[in-house]
Amino acid sequence: MKRKAPVVKNQEFEATVIDITYEGNGVVKYEDFPIFVVNAVPGEKILVGVTKVTSNFGFGRVIRRLEESPDRNTEIDTKVLTSGVAPLAHLTYDAQLKHKQKQVADVFNKQHVDVEVLPTIGMENPWGYRNKAQIPVREINGEVTTGFYRRGSHRLQPMEDFYIQDPEIDKAIVVVRDILRKYHVAAYDEENHKGVVRTIMIRRGHYSHQMMIVLVTRAKRLPTAEFIINDIREALPEVVSIIQNVNQEKTNVIMGDTNKVLWGEKAIKDTLLGKTFAIGPNSFYQVNPEMTEVVYQNAADKAELKPTDVVIDAYSGIGTISLTIADRVKSVLGVEVVPEAVDDAKRNADINGIQNAKFELGKAEDKMAEWAADGLKPDVIFLDPPRKGLTQELIDAAVEMGPDRVVYISCNPATLARDVALFLEQGYQIKGDVQPIDQFPQTTHVESVTVLERKA
Ligand code: SAH
(Lines give C-alpha, C1' and ligand atoms only; values in the text may rest on other atoms or scores of the structure.)
Protein backbone atom coordinates (compact mmCIF):
# COMPACT_ATOMS: atom_id res chain seq x y z
CA MET A 1 0.00 0.00 0.00
CA LYS A 2 1.37 3.37 -0.95
CA ARG A 3 1.35 5.68 2.01
CA LYS A 4 1.11 9.37 1.61
CA ALA A 5 4.27 11.23 2.57
CA PRO A 6 3.69 13.91 5.24
CA VAL A 7 6.07 16.32 3.46
CA VAL A 8 6.26 17.82 0.00
CA LYS A 9 9.17 18.98 -2.10
CA ASN A 10 10.58 22.40 -1.16
CA GLN A 11 8.97 22.25 2.28
CA GLU A 12 11.23 23.61 5.04
CA PHE A 13 11.30 22.57 8.68
CA GLU A 14 13.60 22.49 11.69
CA ALA A 15 14.86 19.15 12.93
CA THR A 16 17.58 17.43 14.93
CA VAL A 17 19.75 14.92 13.09
CA ILE A 18 19.19 11.57 14.82
CA ASP A 19 21.38 9.16 12.90
CA ILE A 20 23.76 8.70 9.99
CA THR A 21 23.30 6.20 7.14
CA TYR A 22 26.05 3.99 5.83
CA GLU A 23 26.37 6.34 2.86
CA GLY A 24 27.20 9.10 5.35
CA ASN A 25 23.94 11.05 5.10
CA GLY A 26 22.29 12.52 8.19
CA VAL A 27 18.82 11.23 9.09
CA VAL A 28 16.02 13.52 10.29
CA LYS A 29 12.37 12.64 10.75
CA TYR A 30 9.28 14.61 9.88
CA GLU A 31 6.61 12.98 12.01
CA ASP A 32 7.71 9.36 11.40
CA PHE A 33 8.94 9.92 7.89
CA PRO A 34 12.73 9.66 7.35
CA ILE A 35 14.59 12.23 5.30
CA PHE A 36 18.22 11.84 4.34
CA VAL A 37 20.31 14.97 4.40
CA VAL A 38 23.77 15.45 2.92
CA ASN A 39 26.42 17.01 5.17
CA ALA A 40 24.41 16.74 8.38
CA VAL A 41 25.95 15.27 11.54
CA PRO A 42 23.98 13.46 14.29
CA GLY A 43 23.10 15.83 17.11
CA GLU A 44 23.00 18.90 14.88
CA LYS A 45 19.91 21.09 14.73
CA ILE A 46 19.23 22.16 11.17
CA LEU A 47 16.75 23.87 8.92
CA VAL A 48 15.99 21.23 6.28
CA GLY A 49 14.82 21.93 2.75
CA VAL A 50 13.12 18.90 1.20
CA THR A 51 14.57 18.20 -2.26
CA LYS A 52 12.84 14.93 -3.16
CA VAL A 53 10.05 12.77 -1.79
CA THR A 54 9.34 9.10 -2.49
CA SER A 55 6.65 6.97 -0.84
CA ASN A 56 8.89 5.73 1.98
CA PHE A 57 11.53 8.42 2.48
CA GLY A 58 12.78 11.75 1.26
CA PHE A 59 15.96 13.66 0.60
CA GLY A 60 16.84 17.08 1.89
CA ARG A 61 19.59 19.64 2.17
CA VAL A 62 20.76 21.86 4.99
CA ILE A 63 19.47 25.38 4.44
CA ARG A 64 20.92 26.59 7.73
CA ARG A 65 22.80 24.87 10.49
CA LEU A 66 21.31 26.03 13.80
CA GLU A 67 23.49 24.00 16.17
CA GLU A 68 26.76 22.33 15.29
CA SER A 69 27.90 18.92 16.54
CA PRO A 70 31.34 18.52 18.13
CA ASP A 71 31.74 15.58 15.72
CA ARG A 72 31.80 17.97 12.77
CA ASN A 73 35.15 18.49 11.11
CA THR A 74 35.19 22.28 10.84
CA GLU A 75 38.62 22.47 9.24
CA ILE A 76 37.60 20.86 6.02
CA ASP A 77 37.78 22.61 2.67
CA THR A 78 34.20 22.69 1.30
CA LYS A 79 35.56 21.56 -2.08
CA VAL A 80 36.31 18.16 -0.55
CA LEU A 81 32.72 17.78 0.54
CA THR A 82 31.18 18.57 -2.81
CA SER A 83 33.69 16.46 -4.75
CA GLY A 84 32.32 13.12 -3.63
CA VAL A 85 35.80 11.63 -3.12
CA ALA A 86 35.51 11.89 0.65
CA PRO A 87 31.87 11.38 1.71
CA LEU A 88 32.69 11.16 5.44
CA ALA A 89 35.10 14.08 5.55
CA HIS A 90 32.52 16.27 7.30
CA LEU A 91 33.01 14.08 10.39
CA THR A 92 36.07 14.35 12.62
CA TYR A 93 38.31 11.34 12.12
CA ASP A 94 37.44 10.07 15.57
CA ALA A 95 33.72 10.25 14.74
CA GLN A 96 34.37 8.39 11.46
CA LEU A 97 36.05 5.55 13.36
CA LYS A 98 33.15 5.34 15.83
CA HIS A 99 30.66 5.42 12.96
CA LYS A 100 32.38 2.45 11.32
CA GLN A 101 32.49 0.48 14.56
CA LYS A 102 28.78 1.10 15.09
CA GLN A 103 27.98 0.11 11.54
CA VAL A 104 29.64 -3.29 11.98
CA ALA A 105 27.93 -3.77 15.37
CA ASP A 106 24.54 -2.84 13.85
CA VAL A 107 24.68 -5.42 11.04
CA PHE A 108 25.58 -8.20 13.49
CA ASN A 109 22.69 -7.11 15.73
CA LYS A 110 20.37 -7.24 12.78
CA GLN A 111 21.43 -10.85 12.16
CA HIS A 112 20.91 -11.58 15.90
CA VAL A 113 24.59 -12.47 16.21
CA ASP A 114 25.90 -11.59 19.64
CA VAL A 115 29.49 -10.37 19.35
CA GLU A 116 31.65 -7.56 20.59
CA VAL A 117 32.90 -5.19 17.91
CA LEU A 118 36.12 -3.47 18.94
CA PRO A 119 36.92 0.19 18.32
CA THR A 120 38.09 0.76 14.73
CA ILE A 121 41.87 0.91 14.29
CA GLY A 122 42.57 4.12 12.39
CA MET A 123 45.43 5.85 10.60
CA GLU A 124 47.71 8.43 12.10
CA ASN A 125 47.40 10.58 8.98
CA PRO A 126 44.11 9.65 7.31
CA TRP A 127 44.76 11.56 4.05
CA GLY A 128 46.79 10.93 0.89
CA TYR A 129 46.87 7.17 1.44
CA ARG A 130 45.59 5.69 -1.83
CA ASN A 131 48.28 4.06 -3.97
CA LYS A 132 46.06 3.92 -7.06
CA ALA A 133 44.04 6.39 -9.10
CA GLN A 134 41.71 5.92 -12.06
CA ILE A 135 40.93 9.32 -13.42
CA PRO A 136 38.48 9.95 -16.27
CA VAL A 137 39.76 12.07 -19.16
CA ARG A 138 37.26 14.26 -21.02
CA GLU A 139 37.29 17.40 -23.12
CA ILE A 140 36.02 20.56 -21.46
CA ASN A 141 36.14 23.87 -23.35
CA GLY A 142 38.33 22.31 -26.00
CA GLU A 143 40.91 21.05 -23.51
CA VAL A 144 41.84 17.61 -22.22
CA THR A 145 40.66 17.67 -18.61
CA THR A 146 40.99 15.30 -15.66
CA GLY A 147 38.73 15.25 -12.66
CA PHE A 148 35.97 13.43 -10.93
CA TYR A 149 32.41 12.37 -11.60
CA ARG A 150 29.98 13.46 -8.96
CA ARG A 151 28.06 10.56 -7.51
CA GLY A 152 25.47 9.31 -9.99
CA SER A 153 26.45 11.79 -12.70
CA HIS A 154 28.47 11.60 -15.88
CA ARG A 155 29.63 15.19 -15.97
CA LEU A 156 33.28 15.66 -15.24
CA GLN A 157 34.25 18.10 -12.52
CA PRO A 158 37.80 19.30 -13.10
CA MET A 159 39.95 18.51 -10.08
CA GLU A 160 43.66 18.39 -9.28
CA ASP A 161 43.82 17.61 -5.58
CA PHE A 162 42.12 14.31 -4.82
CA TYR A 163 42.85 14.55 -1.08
CA ILE A 164 42.89 10.83 -0.31
CA GLN A 165 45.35 9.83 -3.06
CA ASP A 166 49.10 9.73 -2.71
CA PRO A 167 50.03 13.38 -3.51
CA GLU A 168 52.72 12.14 -5.91
CA ILE A 169 49.94 10.47 -7.92
CA ASP A 170 47.93 13.69 -7.96
CA LYS A 171 50.96 15.52 -9.35
CA ALA A 172 51.55 12.83 -11.97
CA ILE A 173 47.96 13.06 -13.21
CA VAL A 174 48.41 16.77 -13.93
CA VAL A 175 51.73 16.10 -15.66
CA VAL A 176 50.23 13.43 -17.92
CA ARG A 177 47.19 15.62 -18.62
CA ASP A 178 49.47 18.45 -19.73
CA ILE A 179 51.44 16.11 -21.98
CA LEU A 180 48.21 14.96 -23.63
CA ARG A 181 47.27 18.62 -24.12
CA LYS A 182 50.68 19.39 -25.61
CA TYR A 183 50.32 16.72 -28.29
CA HIS A 184 46.61 17.40 -28.87
CA VAL A 185 45.61 13.85 -28.06
CA ALA A 186 41.82 13.68 -28.14
CA ALA A 187 40.03 12.91 -24.89
CA TYR A 188 37.32 10.27 -24.97
CA ASP A 189 33.88 11.52 -25.95
CA GLU A 190 31.52 9.20 -24.16
CA GLU A 191 28.35 10.30 -25.90
CA ASN A 192 29.61 9.68 -29.42
CA HIS A 193 32.08 6.96 -28.45
CA LYS A 194 34.90 8.88 -30.14
CA GLY A 195 38.28 10.22 -29.10
CA VAL A 196 41.30 8.42 -27.71
CA VAL A 197 42.21 8.56 -24.02
CA ARG A 198 39.44 7.45 -21.66
CA THR A 199 41.21 7.11 -18.33
CA ILE A 200 44.59 7.70 -16.75
CA MET A 201 45.34 4.94 -14.27
CA ILE A 202 48.31 5.39 -11.97
CA ARG A 203 49.75 3.12 -9.32
CA ARG A 204 52.65 4.04 -7.06
CA GLY A 205 54.42 1.67 -4.71
CA HIS A 206 54.03 3.00 -1.18
CA TYR A 207 57.44 1.72 -0.13
CA SER A 208 59.20 1.29 -3.50
CA HIS A 209 57.98 4.57 -5.04
CA GLN A 210 57.84 2.79 -8.39
CA MET A 211 55.17 4.30 -10.60
CA MET A 212 53.05 2.76 -13.35
CA ILE A 213 51.15 4.94 -15.81
CA VAL A 214 48.36 3.30 -17.78
CA LEU A 215 46.63 5.18 -20.58
CA VAL A 216 43.30 3.51 -21.26
CA THR A 217 42.37 4.22 -24.87
CA ARG A 218 39.31 3.65 -27.01
CA ALA A 219 41.38 3.55 -30.18
CA LYS A 220 43.96 0.83 -30.78
CA ARG A 221 46.46 3.45 -31.84
CA LEU A 222 47.82 6.09 -29.53
CA PRO A 223 49.02 8.94 -31.76
CA THR A 224 52.42 10.49 -30.90
CA ALA A 225 53.06 7.67 -28.43
CA GLU A 226 56.84 8.07 -28.72
CA PHE A 227 56.68 11.72 -27.72
CA ILE A 228 54.29 11.04 -24.88
CA ILE A 229 56.56 8.31 -23.51
CA ASN A 230 59.63 10.53 -23.66
CA ASP A 231 57.89 13.42 -21.96
CA ILE A 232 56.49 11.22 -19.20
CA ARG A 233 59.90 9.69 -18.52
CA GLU A 234 61.54 13.07 -18.42
CA ALA A 235 58.96 14.66 -16.11
CA LEU A 236 58.35 11.70 -13.81
CA PRO A 237 61.56 9.86 -12.92
CA GLU A 238 59.71 7.43 -10.64
CA VAL A 239 57.89 5.90 -13.61
CA VAL A 240 59.14 2.38 -14.40
CA SER A 241 56.22 1.26 -16.53
CA ILE A 242 54.09 2.94 -19.19
CA ILE A 243 51.23 0.87 -20.49
CA GLN A 244 48.48 1.36 -23.02
CA ASN A 245 45.32 -0.52 -22.16
CA VAL A 246 42.81 -0.76 -24.99
CA ASN A 247 39.12 -0.65 -24.13
CA GLN A 248 37.04 -0.29 -27.29
CA GLU A 249 33.73 -1.11 -25.64
CA LYS A 250 30.88 1.27 -24.87
CA THR A 251 30.98 0.54 -21.17
CA ASN A 252 31.48 1.90 -17.68
CA VAL A 253 34.07 -0.78 -17.04
CA ILE A 254 37.32 1.13 -16.87
CA MET A 255 39.96 -1.28 -18.13
CA GLY A 256 39.94 -3.37 -21.28
CA ASP A 257 41.58 -6.76 -21.74
CA THR A 258 44.60 -5.84 -23.88
CA ASN A 259 47.71 -4.23 -22.50
CA LYS A 260 50.63 -3.00 -24.56
CA VAL A 261 53.77 -2.14 -22.70
CA LEU A 262 54.76 1.18 -24.30
CA TRP A 263 57.90 1.45 -22.24
CA GLY A 264 59.58 -0.29 -19.30
CA GLU A 265 58.23 -3.06 -17.09
CA LYS A 266 54.91 -4.85 -17.29
CA ALA A 267 54.44 -4.54 -13.52
CA ILE A 268 55.65 -2.39 -10.64
CA LYS A 269 56.97 -3.80 -7.41
CA ASP A 270 56.08 -2.94 -3.86
CA THR A 271 56.41 -4.60 -0.48
CA LEU A 272 53.93 -5.69 2.18
CA LEU A 273 55.17 -7.05 5.52
CA GLY A 274 58.64 -7.44 4.05
CA LYS A 275 57.58 -9.48 1.01
CA THR A 276 57.91 -8.16 -2.52
CA PHE A 277 55.00 -8.08 -4.94
CA ALA A 278 54.88 -7.50 -8.67
CA ILE A 279 51.61 -5.77 -9.46
CA GLY A 280 50.30 -5.80 -13.03
CA PRO A 281 47.78 -3.31 -14.45
CA ASN A 282 44.74 -5.62 -14.24
CA SER A 283 45.37 -7.16 -10.84
CA PHE A 284 43.60 -6.23 -7.66
CA TYR A 285 45.98 -4.74 -5.12
CA GLN A 286 44.95 -3.27 -1.78
CA VAL A 287 44.81 0.53 -2.07
CA ASN A 288 46.06 1.39 1.42
CA PRO A 289 49.25 -0.63 2.03
CA GLU A 290 49.95 0.78 5.48
CA MET A 291 46.57 -0.41 6.78
CA THR A 292 46.61 -3.60 4.72
CA GLU A 293 49.64 -4.61 6.76
CA VAL A 294 47.61 -4.00 9.92
CA VAL A 295 44.72 -6.10 8.53
CA TYR A 296 46.95 -9.03 7.52
CA GLN A 297 48.89 -8.93 10.79
CA ASN A 298 45.70 -8.80 12.80
CA ALA A 299 44.16 -11.66 10.82
CA ALA A 300 47.26 -13.87 11.08
CA ASP A 301 47.64 -13.21 14.82
CA LYS A 302 43.97 -13.84 15.54
CA ALA A 303 44.14 -17.06 13.54
CA GLU A 304 47.04 -18.22 15.76
CA LEU A 305 48.83 -19.72 12.78
CA LYS A 306 51.09 -22.70 13.50
CA PRO A 307 53.99 -24.25 11.52
CA THR A 308 51.86 -27.38 10.98
CA ASP A 309 48.88 -25.51 9.48
CA VAL A 310 47.64 -26.30 5.99
CA VAL A 311 45.94 -23.14 4.76
CA ILE A 312 43.55 -22.15 1.97
CA ASP A 313 43.54 -18.54 0.80
CA ALA A 314 40.30 -18.00 -1.10
CA TYR A 315 40.08 -14.85 -3.27
CA SER A 316 43.87 -14.68 -3.24
CA GLY A 317 44.44 -11.84 -5.75
CA ILE A 318 48.17 -11.56 -6.45
CA GLY A 319 48.92 -13.76 -3.44
CA THR A 320 49.53 -11.13 -0.80
CA ILE A 321 47.88 -12.98 2.10
CA SER A 322 49.33 -16.36 1.11
CA LEU A 323 52.86 -15.07 0.73
CA THR A 324 52.90 -12.95 3.89
CA ILE A 325 51.79 -15.94 6.01
CA ALA A 326 53.71 -18.68 4.16
CA ASP A 327 56.70 -18.57 6.55
CA ARG A 328 54.43 -19.21 9.53
CA VAL A 329 52.57 -22.27 8.18
CA LYS A 330 53.14 -25.61 6.45
CA SER A 331 51.53 -24.75 3.13
CA VAL A 332 49.09 -22.35 1.47
CA LEU A 333 46.80 -22.96 -1.47
CA GLY A 334 45.31 -19.89 -3.11
CA VAL A 335 42.39 -19.58 -5.52
CA GLU A 336 41.59 -16.55 -7.65
CA VAL A 337 39.37 -15.90 -10.67
CA VAL A 338 41.45 -13.32 -12.61
CA PRO A 339 44.09 -15.11 -14.75
CA GLU A 340 46.59 -12.21 -14.67
CA ALA A 341 46.36 -12.08 -10.87
CA VAL A 342 47.11 -15.81 -10.62
CA ASP A 343 50.14 -15.31 -12.88
CA ASP A 344 51.27 -12.41 -10.69
CA ALA A 345 50.78 -14.57 -7.58
CA LYS A 346 52.96 -17.37 -8.96
CA ARG A 347 55.60 -14.88 -10.00
CA ASN A 348 55.44 -13.29 -6.56
CA ALA A 349 56.04 -16.66 -4.89
CA ASP A 350 59.17 -17.02 -7.06
CA ILE A 351 60.37 -13.48 -6.40
CA ASN A 352 60.25 -14.20 -2.66
CA GLY A 353 61.69 -17.70 -2.94
CA ILE A 354 58.54 -19.15 -1.37
CA GLN A 355 57.97 -22.79 -2.22
CA ASN A 356 55.07 -23.77 0.03
CA ALA A 357 52.46 -21.57 -1.70
CA LYS A 358 50.48 -22.72 -4.74
CA PHE A 359 47.86 -20.82 -6.71
CA GLU A 360 45.00 -22.08 -8.83
CA LEU A 361 42.81 -20.26 -11.30
CA GLY A 362 39.08 -20.59 -10.83
CA LYS A 363 36.01 -19.46 -8.98
CA ALA A 364 36.54 -19.90 -5.26
CA GLU A 365 33.12 -21.53 -4.86
CA ASP A 366 33.88 -24.15 -7.56
CA LYS A 367 37.44 -24.88 -6.46
CA MET A 368 36.49 -25.17 -2.81
CA ALA A 369 33.73 -27.64 -3.70
CA GLU A 370 36.25 -29.65 -5.75
CA TRP A 371 38.79 -29.65 -2.93
CA ALA A 372 36.14 -30.66 -0.43
CA ALA A 373 35.10 -33.57 -2.69
CA ASP A 374 38.79 -34.56 -2.99
CA GLY A 375 38.96 -34.83 0.79
CA LEU A 376 41.26 -31.85 1.38
CA LYS A 377 41.37 -31.01 5.11
CA PRO A 378 42.90 -27.58 5.69
CA ASP A 379 43.44 -26.32 9.24
CA VAL A 380 42.71 -22.71 8.36
CA ILE A 381 40.74 -21.03 5.57
CA PHE A 382 41.23 -17.35 4.79
CA LEU A 383 38.30 -15.69 3.01
CA ASP A 384 38.73 -12.24 1.49
CA PRO A 385 35.81 -11.90 -0.92
CA PRO A 386 34.66 -8.87 -2.90
CA ARG A 387 31.77 -6.77 -1.58
CA LYS A 388 29.08 -9.26 -2.48
CA GLY A 389 30.50 -11.73 0.01
CA LEU A 390 30.34 -15.53 -0.09
CA THR A 391 27.93 -17.95 -1.69
CA GLN A 392 26.09 -20.74 0.10
CA GLU A 393 28.10 -23.28 -1.97
CA LEU A 394 31.37 -21.83 -0.76
CA ILE A 395 30.26 -21.86 2.86
CA ASP A 396 29.04 -25.47 2.52
CA ALA A 397 32.35 -26.52 0.95
CA ALA A 398 34.32 -24.72 3.68
CA VAL A 399 32.28 -26.40 6.42
CA GLU A 400 32.65 -29.79 4.76
CA MET A 401 36.43 -29.43 4.86
CA GLY A 402 36.10 -28.82 8.60
CA PRO A 403 38.95 -26.34 9.25
CA ASP A 404 39.64 -25.41 12.91
CA ARG A 405 39.65 -21.74 12.01
CA VAL A 406 38.09 -19.57 9.31
CA VAL A 407 39.47 -16.06 8.92
CA TYR A 408 37.03 -13.70 7.24
CA ILE A 409 38.45 -10.42 5.97
CA SER A 410 35.52 -8.33 4.82
CA CYS A 411 35.11 -5.06 2.97
CA ASN A 412 31.32 -5.09 3.44
CA PRO A 413 29.83 -5.53 6.92
CA ALA A 414 26.36 -6.43 5.61
CA THR A 415 27.50 -9.50 3.67
CA LEU A 416 29.97 -10.36 6.46
CA ALA A 417 27.23 -10.59 9.08
CA ARG A 418 24.98 -12.52 6.70
CA ASP A 419 27.75 -15.05 5.95
CA VAL A 420 28.92 -15.36 9.56
CA ALA A 421 25.35 -16.19 10.61
CA LEU A 422 25.45 -19.12 8.15
CA PHE A 423 28.73 -20.42 9.62
CA LEU A 424 27.20 -20.17 13.11
CA GLU A 425 24.37 -22.46 11.98
CA GLN A 426 26.92 -25.05 10.88
CA GLY A 427 29.01 -25.69 13.97
CA TYR A 428 31.25 -22.61 14.08
CA GLN A 429 31.51 -19.83 16.66
CA ILE A 430 33.16 -16.44 16.62
CA LYS A 431 36.59 -16.47 18.23
CA GLY A 432 36.96 -13.34 20.35
CA ASP A 433 35.90 -9.99 18.91
CA VAL A 434 35.35 -8.46 15.51
CA GLN A 435 38.02 -5.92 14.59
CA PRO A 436 37.19 -3.07 12.19
CA ILE A 437 40.26 -1.51 10.57
CA ASP A 438 40.08 1.74 8.64
CA GLN A 439 41.53 1.00 5.23
CA PHE A 440 39.51 3.77 3.60
CA PRO A 441 39.56 6.95 5.72
CA GLN A 442 37.16 9.75 4.69
CA THR A 443 35.05 7.26 2.73
CA THR A 444 32.14 5.07 3.76
CA HIS A 445 34.00 1.80 3.20
CA VAL A 446 34.50 -0.46 6.22
CA GLU A 447 37.03 -3.30 6.49
CA SER A 448 37.01 -5.81 9.32
CA VAL A 449 38.55 -9.08 10.50
CA THR A 450 36.49 -11.89 12.04
CA VAL A 451 37.83 -15.29 13.04
CA LEU A 452 35.51 -18.29 13.37
CA GLU A 453 36.47 -21.51 15.12
CA ARG A 454 34.95 -24.96 14.96
CA LYS A 455 33.07 -25.88 18.10
CA ALA A 456 34.61 -28.80 19.97
N1 SAH B 1 43.32 -11.32 -0.88
C2 SAH B 1 43.71 -10.39 -1.92
C3 SAH B 1 42.57 -10.01 -2.87
C4 SAH B 1 41.29 -9.60 -2.22
S5 SAH B 1 40.15 -8.79 -3.27
C6 SAH B 1 44.32 -9.16 -1.30
O7 SAH B 1 44.23 -8.94 -0.10
O8 SAH B 1 44.94 -8.38 -2.03
C9 SAH B 1 39.13 -10.04 -3.85
C10 SAH B 1 39.73 -10.87 -4.96
O11 SAH B 1 38.75 -11.86 -5.31
C12 SAH B 1 40.04 -10.14 -6.25
O13 SAH B 1 41.36 -10.44 -6.64
C14 SAH B 1 39.03 -10.71 -7.27
O15 SAH B 1 39.56 -10.79 -8.56
C16 SAH B 1 38.76 -12.07 -6.70
N17 SAH B 1 37.47 -12.71 -7.00
C18 SAH B 1 36.26 -12.16 -7.22
N19 SAH B 1 35.32 -13.10 -7.35
C20 SAH B 1 35.94 -14.30 -7.23
C21 SAH B 1 35.49 -15.65 -7.24
N22 SAH B 1 34.21 -15.95 -7.45
N23 SAH B 1 36.40 -16.61 -7.05
C24 SAH B 1 37.71 -16.33 -6.84
N25 SAH B 1 38.18 -15.07 -6.81
C26 SAH B 1 37.31 -14.07 -6.99
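A salt bridge is a side-chain nitrogen of Lys or Arg within 4 Å of a carboxyl oxygen of Asp or Glu. Keep that rule in mind for the views below. This is a predicted model, in which local features need pLDDT of at least 70 and side-chain atom pairs count only at pLDDT 80 or more, while totals for chains, interfaces and linings use all residues. Residues are numbered from 1 along each chain as its sequence is written, and side-chain values use heavy atoms, with hydrogens and water left out.

View 1. Side chains of opposite charge can pair when their charged atoms come close. The salt bridge rule gives a count of 24.

View 2. The protein is divided into domain 1 (12–72), domain 2 (105–123 + 288–454) and domain 3 (132–272), with bounds from an automatic or database domain assignment. The centres of domain 2 and domain 3, taken over C-alpha atoms, are 32 Å apart. At the interface, 12 residues of domain 2 are in contact with eight residues of domain 3 (heavy atoms within 4.5 Å). Together the two domains bury about 800 Å², 67% of it on carbon and sulfur atoms; buried area is the accessible area (1.4 Å probe) that two parts lose on being put together, summed over both. P289, E293 and R347 supply 50% of the area that domain 2 buries against domain 3. How many salt bridges are there between domain 2 and domain 3? The count is zero.

**View 3. Around the ligand.** Which of the 17 residues around the ligand come nearest? They are Q286, Y296, E336, A364 and D384, where being near takes a heavy atom within 4 Å. Now look for polar contacts, which here are pairs of N or O atoms within 3.5 Å. A polar side-chain atom of Y296 lies 2.4 Å from an oxygen atom of the ligand. The side chain of D384 has an N or O atom 2.9 Å from a nitrogen atom of the ligand. With Y315, a polar backbone atom is 3.0 Å from a ligand nitrogen atom.

Terms used: Polar contact = N/O pair within 3.5 Å; in protein donor to acceptor, adjacent residues only side chain to side chain.
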